[in-house]
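Welcome! Please take a look at the sequence and the 3D structure below, and then read through the short briefing that follows.

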Amino acid sequence: MSTLHFGDGNLQYDGQGRLRHLLSIEGLRERDLLQILDTTESFLSIAQRTVKKTPTLRGRTLVNLFFENSTRTRSTFELAAKRLSADVLNISASQSSTTKGESLLDTVDNLMAMQVDGFIVRHPEAGAAHLLARHLGERALVVNAGDGQHAHPTQALLDVFTIRRLAGPVEQQVVCILGDVLHSRVARALIHALSILGCPEIRVLGPRTLVPPEFASLGVQVHHDPRHALPGASIVYALRLQRERMESHRLPSLDEFHRRFGLTPERLALAAPGALVLHPGPINRGVEIASTVVDGPQSVVLAQVEHGLAVRMAVLSLLAGVPGHED
Ligand code: CP
């Protein structure tokens, strides 16, 4: 399975080898990934305080630039920036002058004229965040909040943080990712993060139309039968069925998908006892996962969201060159 490259493997790092942009997990050094996860631990407790703020990014301005809808990513980036005391501009495509034909780079140049310090960008085109990072260089930080089917690095970071915190070392996990792997930037990013952290076994499960055999080139086991993919899995990661990215009829029906692959209590029982259930959201209840599993004792989907806020605080502070938080 070929991954997308944009001819700039080191674009995430500045001339001194410092992480300046977060564009993809692919190409990230293990030590930087670990530093983000360790820094996240220090930000997690802030949410429990009455005053949920640190002065870490006081005086900085960050732009949430979203050309695709989002609930979790957009809100947690906004809250993360605000809790770090940064000023935040929220711009969504439908309310911006891109609807009048203004280009992405012209939009960014105009915002740069307002002396902003960074962009968090979600865009339907793979490579959009790379384009911005190449354009801006070291003038402003860029975080990829999801680009087409390519990458969603902060989702992978919050996923591995959740696994590490709630299940134990990634090196000891057997991870089964189930559903629409083909269209999933979440799955690609998670596979890269798990691989960098030494996960010994990663399985992908779904119908042949959504889990093509080429995925094996990423070092994962490809499965089309839950009875083979789930036994022994300590982490079961259900993906959203991305109906908006399906250009052709890859499924007979949603009901059939649920019957054959949906994560039901019976299927979850095939996994290791106490296996954790993760999902990136938004969830199609009754399609890729049954409501009883989403709301059941093995589900950690809301912990993922909580961790996502702390991960994004860590990412923003590290990219801004402020590795810890001051009280
Ligand atoms: N997981 C995720 O990216 O969710 P949103 O689309 O709501 O941001």
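**A loop residue and a ligand site**

Gln48 lies in the loop that runs between helix H1 (30-44) and strand S1 (61-66); helices (H or I, at least four residues) and strands (E, at least two) are DSSP runs, numbered from the N terminus. This is a predicted model, where local features need pLDDT of at least 70 and side-chain atom pairs count only at pLDDT 80 or more, while totals for chains, interfaces and linings use all residues. Residues are numbered from 1 along each chain as its sequence is written, and side-chain values use heavy atoms, with hydrogens and water left out.

**Gln48**

- Gln48 counts as exposed because its relative accessibility is 60%, and exposed means over 50% relative accessible area (1.4 Å probe, protein chains only).
- The side chain of Gln48 also makes a polar contact with the side chain of Glu306, at 3.4 Å; a polar contact is a pair of N or O atoms within 3.5 Å, and within protein one must be able to donate a hydrogen and the other to accept it, while residues adjacent in sequence count only if both atoms are side-chain atoms.

**Around the ligand**

- Residues surrounding the ligand include Ser70, Thr71, Arg72 and Gln155, each with a heavy atom within 4 Å of the ligand.

**Contacts with the ligand**

- One oxygen atom of the ligand lies 2.9 Å from a polar side-chain atom of Arg122.
- The side chain of His152 has an N or O atom 2.9 Å from an oxygen atom of the ligand.
- A polar backbone atom of Pro280 is 2.8 Å from a nitrogen atom of the ligand.

Notes. Buried means under 20% relative accessible area, exposed over 50%, partly exposed in between (1.4 Å probe, protein chains only).
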